[in-house]
Amino acid sequence: MAVRLTELGAKGLLLLAALLLAFLATSYSNLFFLLLVFCGTLGGLGLASGIANLRAVRRLELQVPAGPAGAPRPVRLRLAARRSVSDLVVTLGDAPGLTLPPVAHAAGDAPTTALLPAQPRGVHAVGVVQLASRYPFGLFEVRRWIPWPGEVVTYPEPDGPAAPTGRSLDQGTPPDPVGEVAGLRSFRTGDRVRDVHWRATARRGAPIVKELDAAPDTAPEIVIDRRVEAAQLERLLAAATAAVLAAAEGRGAHLLSQGFAAAVPAGQPPPPAVLRWLASAAILPPDAPPPVRWPQDQEPAHA
Amino acid sequence: MTALPRTVRAASVRAGLERNLGAVVAAPEAVIEPILCTLVAGGHLLLDGIPGIGKTLLARTIAQSVAGEFRRIQFTNDVMPGDVTGSAVWRPDLGRFAFVRGPLFANVVLADEINRTSPRTLSCLLEAMESGAVSVEGRTLELGRPFLVLATRNPAEFAGTFAVPEAALDRFLVRIGLDYPDAAAELALYAGQDAEARLATIRPVVDCDQLLALRAEVEAVQVRPAVAEYAYRLVQATRAHPELRLGASPRAALAWLRAAKGRAALDGRGYVLPDDLKALALPALAHRVFRRDGATAAPLLGDLVGATPVPL
Amino acid sequence: MRDRLLPWLLALTLIDLAFVQATGIVGGQDLLPLWLLAAASPWLRRLQRWPLCRLAWNAGVLLVFTLLVRHATTTGLLHMLEDGLVLAVLCQVHLLNNIGERQRPDLVFFNSLLVCFVTSFFAPDLPWSLLFVLHALVLAVALGVNVLVRRGGVLDDAAVRRTIASSLRHAVAVLVATAALFVLLPRDFHRQGWLGDALAAPPAGAAGLADRIRLDDERPARLGVEVVARIAAADHRREVPSHWRAIVFSVFDGATWYPQDPSDLGSRFASDPAWEPQRDGHWRRPADGAMAAFQVELYDRRGDRLPVPLGAAVLRPLQSAGTLLDGKSTGGFTLVQSEDAPAGPLVYRVDVAARPAAVPIAASTRRHFVALPERSLPAAARALAQQLGEAADGPAVAAATADWLRRHRRYALPGEPGFARNLGEFLLGTGAGHCEYFATALALLLRLQDVPCRVVGGWLAHEQDPVHGGVVLRERDAHAWVEVLDADGRWSTLDATPPHDLLARRQLDGSWLGSAWQALAAAWSTVVGFDGRRRSEWLDGLAALPGVLLRALRQPPLALAAALAAAGWFVYRRRRRQREPAIAAFERAVRAAGLSLQGGETPRELLRRAELAAVGPRRLGALRQAADRHERLRYGPEAPDPGPRTSPP
């Protein structure tokens, strides 16, 4: 935990010093003394209260979904605190660009949603989350760091005819069912994740899947050759992202590039590994091997 | 199975069961509701009552309402465990012993007059009720899923009966005492169709898979701290009551809460209310607490339910 | 966003104006434009969008600023401070109207604190203290809202309300901590400071007793609240005499009154009945009428004189070790203290008769009390004396003159607007004056009409002491009046100072509001007059508090009451902790429906009972709503856990 004076606090400290000087220079006066004590107490209690404010935080839960570059995305924030925490500014890591808008009052255990500002494409590893607060008088800023081993995945801004623009993935509408729902049963190894009946799973505490009539799998294949210029790769990735997002809402797809192969299942959000790859993909030298197509009879593992 | 919302499905099962029960036996709501709760919460049911008031008919109606395998065991003092679980018999045609499954290998088992059988056979039944499996000749065999025992007992007869021990009673999620029907119901009974004929018209309203899915949903029904506190208060009150020799055990409280979850699910709720607990306090607890004088604890329990404050 | 903060900045500015107004050193009419401009700031701020308006506003501020600076430099130091204060509040109003993207409110906070500091020197009275408390509350809220506003983000009413509530709690905590530290922190109460008088404000003429009265002293009076004495009547039904004399002035040279000197009269006891020392240490002199006894605790011995009423007949020192008393020719006492006189008040008992005994007055003595300064007597005095002499005659002339002055001359303290620059202005009525002016004017007018009289300095006893009982004399109660010599050689008190004006500065009427005000003022005076002695008293009291409480708890009724109170508090806390808003709302709705939850009844059962009972539809609706909400929040499902990644703190 660290404390620093804010601009207002620094000015206030200067004023207090000047007043103290005047107090010492002149003969003793009760009211002058009282007012000095008042100013000192205002600062001291403000500091103590500010520290106690952040100390009340016991745990911080953050859900940062993968989001497209150039668009803000909602971040779920759940604070386990002994009491309400005021004027909270959360920064992921130490980059100011990853600062969430301030939360005026966060009640203990109540989840809130904040918009993370638009980020460039990439995977930003975050080791700690910084909490900062100027509560209660704005004279001091108290900061506290909480370990949060996570990353902010920003995939390319989708650019293509089928791109669902400006929408975060976790807001996707439920897909149309493929095939007929035949019944419910316990999860067995090998069952598809998209067939999990989440509501029943949540109630029972054990995975329950829907039994569906088999649907034909005619997923297209997206192949990205990364032996290109950087700008061209960006365009390719943007187009690939649009295609992946469309495929996820449609019939699914297979994404293939040098050293990477994953399936995009239909009817559910694209797998995190696919989005992470789209966020982190870099160009390759021209002498790199071409993307390898997988054999027709071998299905890639679901990511 | 279609993915209908739980509330509708539970409600439709309830309506169907109520329709079936209403068509065959004239049982009041206070009797039917605990039965339904037991069915969806996954427990076993004990029907107490004098002969001739339709215990068996009621049990058969329930059994027929579930589209599963139904067996009936008429207990007498010469019924042996092997008669219940099944036994190995010599098959000359095969030239070896083969295991012949007893009537317990079904989804719904009607155990008629359980107090007529010997403790040995009863304990065999109890083990099956407890674990959903039987052990025969060193092998453990799974019983049907779901497995529901509907037992009847005739407390008025003493000749040729065995006392059912407390531990045995604890295996039943709910015990329902049946009494003479009220005048209107009885008159309607006289004027109506033959019971067997009516029973023949009963159609199953829920199959085994549906019942299992329903039970999974009942498991997910939440019990918030205030409600749990109410259960605890009442259970504590039974333990502290001077006229009770044995108060409700934690297992009794858990069974009570399970039944209450069933009621909540049937009501289309994902959470238990103190009202659920109150409604099922007597059926779920009365056979699990014992008075010093040996009389039934139901009236006393009723007083306690009426006096224990509900946490807001 | 900023609109959330502006009302609080406006409140701060208005409090600053009230601070300056309460000092009384700036005329109300001078501050009125600032009040209006501050109050109109919500509208004026909108005008700032137009460059022409902004230009006009800035030019106006600059003009006023120039005028103030010019005024300050061309008048005395006192006016410079006045102008400084006006400038400070003008600055506040200007800032208030310019708060925007570039102008942050920081300066408003600091300027407001400065105004609070400076005004504490001018008017450390109760109104200042009340304004200070208000200021502290508003400042804390303004700072709290400023944090919210500066951060940006979503600001809804609920967030602002919570911030205000939390800031108010903090402000109260700060005030309590300040009070505790004020008592606890050790310091040198007599410290003179590095720069001493050089930087200090002009020395205010402290209201108090002096060995001469100078009418040309224009320094602003500081109405000190230091307790001089406490007086209690032996019989509580008896009223404490109002005028307690300490020093008598009989010679006036046109600007200054000098004490009555026995050498001027030829005899030590030429004018008043002589005090006779008795064997047992008390003093006695003849007097007429029924006697009443009063006990006086004199804390301030700097005056070297004992306050006693005119009719004092017996004086018994009760606690006067190391002090030598001397009955004076003026009817009063002087004290001489030895080096080793113990600390603590001088306690004495004085028996007061209805009036002093008559004394045969020699003609020379009589002449002494009608003597006038020939050279420097204001011309207005003679004209006025003549005018008044024609209106009344004989013995009534004294009362008539005093009455006339009381009705036709205004009361003011030095430094206040309209204060007379000299006695002539006061007599003419162009300037107001304080008690010394009234006493001097009355004495001169009486002497001009050949009525023998003298000016008396002493204390006006009027402030009931709500803590100790009786009355309390403070420094600011120092007063001057006139004693008139009757034809039979008996002195009587005549006070021309308008009592309403005089006491308005010092007390309110006897209503409950007045009593409360007085009690508050007395409490505040302990803060202003806090000194080392009082601090050690407080600390001793605090140290002894546990013992006192323990002793008190040994009394069975008190112990029982304390135990009950503790149990009640415990139960209350416990209930309160358990009381969730949904429960409280449900219980309220149940009460509103005229029902009560019976033992073992669930909310749904109660609702069914309410539906059957004759509960009105509105109440029933409210009850249903409250029950639904209660069920949802207390029994209903918890929010599904999204299953986030969790990090340990």
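## Chain A overall

The accessible surface of chain A comes to about 14,000 Å², by the Shrake-Rupley method with a 1.4 Å probe, where for residues only the protein chains shown count as cover. Carbon and sulfur atoms hold 58% of that surface. This is a predicted model: local features need pLDDT of at least 70, side-chain atom pairs count only at pLDDT 80 or more, and totals for chains, interfaces and linings use all residues. Residues are numbered from 1 along each chain as its sequence is written, chains are lettered from A and ligands numbered from 1 in the order written, and side-chain values use heavy atoms, without hydrogens and water.

Chain A has 5 helices and 14 strands. These are DSSP runs, numbered from the N terminus: helices are H or I with at least four residues, strands are E with at least two. Of its 303 residues, 49% count as buried. Buried means under 20% relative accessible area, exposed over 50%, and partly exposed in between (1.4 Å probe, protein chains only).

Chain C holds an open sheet of 8 strands with antiparallel pairing, in the order S7-S8-S12-S15-S10-S4-S19-S18. The edge strands are S7 (276-277) and S18 (463-464), and each pairs on one side only. Two strands pair if DSSP finds at least two bridges between them.

Strand S15 (residues 346-352) pairs with strand S10 (residues 292-298) over 7 bridges in the antiparallel sense. Here C:Ala293 stands opposite C:Asp351, and C:Gln295 has C:Arg349 as its bridge partner. Strand S12 (residues 312-319) also runs antiparallel to S15(C), joined by 6 bridges. In that pairing, C:Pro317 partners C:Tyr348. S15(C) is largely enclosed by the rest of the structure, because 6 of its 7 residues are buried.

## A buried arginine in chain B

B:Arg288 sits in the loop between helix H12 (274-285) and strand S13 (290-291) of chain B. This arginine is buried, at 7% relative accessible area. Its side chain reaches the backbone oxygen of B:Phe172 at 2.8 Å. Not counting residues up to four places away in sequence, B:Arg288 touches several residues, among them B:Asp170, B:Leu173, B:Leu246 and B:Ala255.

## A nonpolar surface patch

A:Leu20, A:Leu21, A:Leu24 and C:Trp194 form a nonpolar patch on the surface. Together they have about 420 Å² of accessible area. Patch residues have over 30% relative accessible area and no salt bridge; like charges are joined within 9 Å, and nonpolar side chains (Val, Leu, Ile, Met, Phe, Trp, Tyr) within 5 Å. A salt bridge is a side-chain nitrogen of Lys or Arg within 4 Å of a carboxyl oxygen of Asp or Glu. A:Leu20 lies in helix H1 (residues 7-25) of chain A. A:Leu20 is partly exposed, at 42% relative accessible area.

## Backbone exceptions

Most residues other than glycine have a negative phi, and most peptide bonds are trans. The bond from A:Tyr135 to A:Pro136 is cis, with omega near 0 degrees. A:Pro136 is in the loop between strand S8 (122-133) and strand S9 (140-155) of chain A.

Two aspartates have a positive phi. A:Asp87 is at about 45 degrees, in strand S5 (residues 85-92) of chain A. A:Asp87 is buried, at 3% relative accessibility. C:Asp450 is at about 65 degrees, in the loop between helix H14 (435-448) and strand S17 (453-460) of chain C. C:Asp450 is partly exposed, with a relative accessible area of 44%.

Note on methods. A polar contact is a pair of N or O atoms within 3.5 Å; within protein, one must be able to donate a hydrogen and the other to accept it, and residues adjacent in sequence count only if both atoms are side-chain atoms. Contact means heavy atoms within 4.5 Å.
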